[in-house]
Amino acid sequence: MPVLRFDNVSKLYPGGQPALSEVSFAVDAGEMLFVTGHSGAGKSTLLKLIQLAERPSRGAVLFDERNLAKVRGGRIAAHRRNVGVVYQNHQLLMDRSVADNVALPLVLRGMKRAEIGKRVRSILGRVGLEARANALPTQLSAGEQQRVGIARAVVAEPPLLVADEPTGNLDPTLSAEIMALFASLPERGTSVLIASHDLALVKRMRRRVLVLEHGRLTDDIAPEDLADG
Ligand SMILES: Nc1ncnc2c1ncn2[C@@H]1O[C@H](COP(=O)(O)OP(=O)(O)OP(=O)(O)O)[C@@H](O)[C@H]1O
């Protein structure tokens, strides 16, 4: 069963060209894929619809086959807990330790302290930051800060992780490392959808690629059909 499905989705912002036009695709549980396209193609809008930061003008976004149009009011927060988000500038709390930042989604769920400590240590180990648990984000490099952002997004094991230009501020070596970290997530059951304009980087990952052009989904490329380059 798909974890996420776009069914003929269009999005028009007031006074503008359509940001998305009749977009349809499905994401299976445990799948990792990319959405790529030039600036303004509609990538961020697509991710915002998944997080209910925006609503479609036409068509439906389905999460676990439930139409998100029906998710309103207090249930929006519950939906957002099912979608881990990684931002380009990671949006960490700069006056809180690495461990506190990563613990946040678990604290919001009301988890017991001992369990939170255990989970935070485990995820920091997986992203290679166990020795930096008590550091402040400002004491970390840009790549390490993004690792904290990823750890925070996946610590509660959401069924879906979305990332908007997660390597936008990183050099090519660090970008490849961060992408490899994302690639290790689906085997734990989390589906991963990453928006990036860096087609060369995306192609190297050998995963499914959705291509947006002026809001239209013009290609849905299987890994085996990706050309080198
Ligand atoms: N809040 C908004 N109000 C009006 N127009 C918007 C709004 N957000 C985005 N748009 C327009 O919708 C289109 C798609 O924007 P979107 O941010 O989704 O593209 P993108 O592919 O993520 O671009 P980038 O790579 O530059 O972030 C653009 O023409 C943009 O100007």
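What follows is a set of questions and answers on a predicted model.

Me: How many helices and strands does the chain have, and what is its radius of gyration?
Reply: The chain of this predicted model has 7 helices and 10 strands. Its C-alpha atoms fill a box of roughly 45 × 45 × 35 Å along the principal axes. For 229 residues the globule rule gives 17 Å, and the chain comes close to that value, so it is as compact as a globular protein of that length, with a radius of gyration of 17 Å.

Me: Are α3 and α5 roughly parallel or roughly antiparallel?
Reply: Helix α3 spans residues 98-108 and helix α5 spans residues 142-154, and the two pack with their axes 7 Å apart at an angle of about 30°. Angles under 35 degrees count as roughly parallel, which makes α3 and α5 roughly parallel.

Me: Which residues of α5 does α3 meet, and how does this contact divide by class?
Reply: The crossing of the two helices, α3 and α5, is right-handed. From α3, the residues Val-98, Asn-101, Val-102, Leu-104 and Pro-105 take part, and they meet Val-148, Ala-151 and Arg-152 in α5. By class, the residues of this contact divide into 6 nonpolar, 1 polar and 1 charged.

Me: How many nonpolar residues does the contact of α3 with α4 have?
Reply: On the α3 side the contact involves Ala-99, Val-102, Ala-103, Leu-106 and Val-107, while α4 brings Ile-116, Arg-119, Val-120, Ile-123 and Leu-124. The contact has no polar residues and 1 charged residue, and its nonpolar residues number 9.

Me: At what angle do α5 and α6 cross, and which residues of α6 make the contact?
Reply: The axes of α5 and helix α6, which spans residues 172-183, come within 11 Å and cross at roughly 15°, and the two helices are therefore roughly parallel to each other. The crossing is right-handed. Gly-143, Gln-146, Arg-147 and Ile-150 of α5 are in contact with residues of α6, namely Leu-174, Glu-177, Ile-178 and Leu-181.

Me: How does the shell around the ligand divide by class, and which residues come nearest?
Reply: The shell around the ligand divides into 3 nonpolar, 9 polar and 1 charged residues. Helix α1, residues 43-50, gives the largest share of this shell, with 3 residues. Of the 13 residues around the ligand, those that come nearest are Tyr-13, Ala-19, Ser-39, Ser-44 and Thr-45.

Technical notes
Residues numbered from 1 in each chain as written. Predicted model: local features only at pLDDT ≥ 70, side-chain atom pairs only at ≥ 80, totals over all residues. Near = placed C-beta within 6 Å. Helix = DSSP H or I, 4+ residues; strand = E, 2+ residues; numbered from the N terminus. Nonpolar A, V, L, I, M, F, W, Y, C, P; charged D, E, K, R; others polar. Axes fitted to C-alpha atoms, helices over the stretch in contact; angles between N-to-C directions. Parallel < 35°, antiparallel > 145°, perpendicular 65-115°, else oblique. Left-handed = near helix turned anticlockwise from the far one by under 90°. Contact = placed C-beta atoms within 7 Å. Rg over C-alpha atoms; globule rule 2.2 N^0.38 Å.
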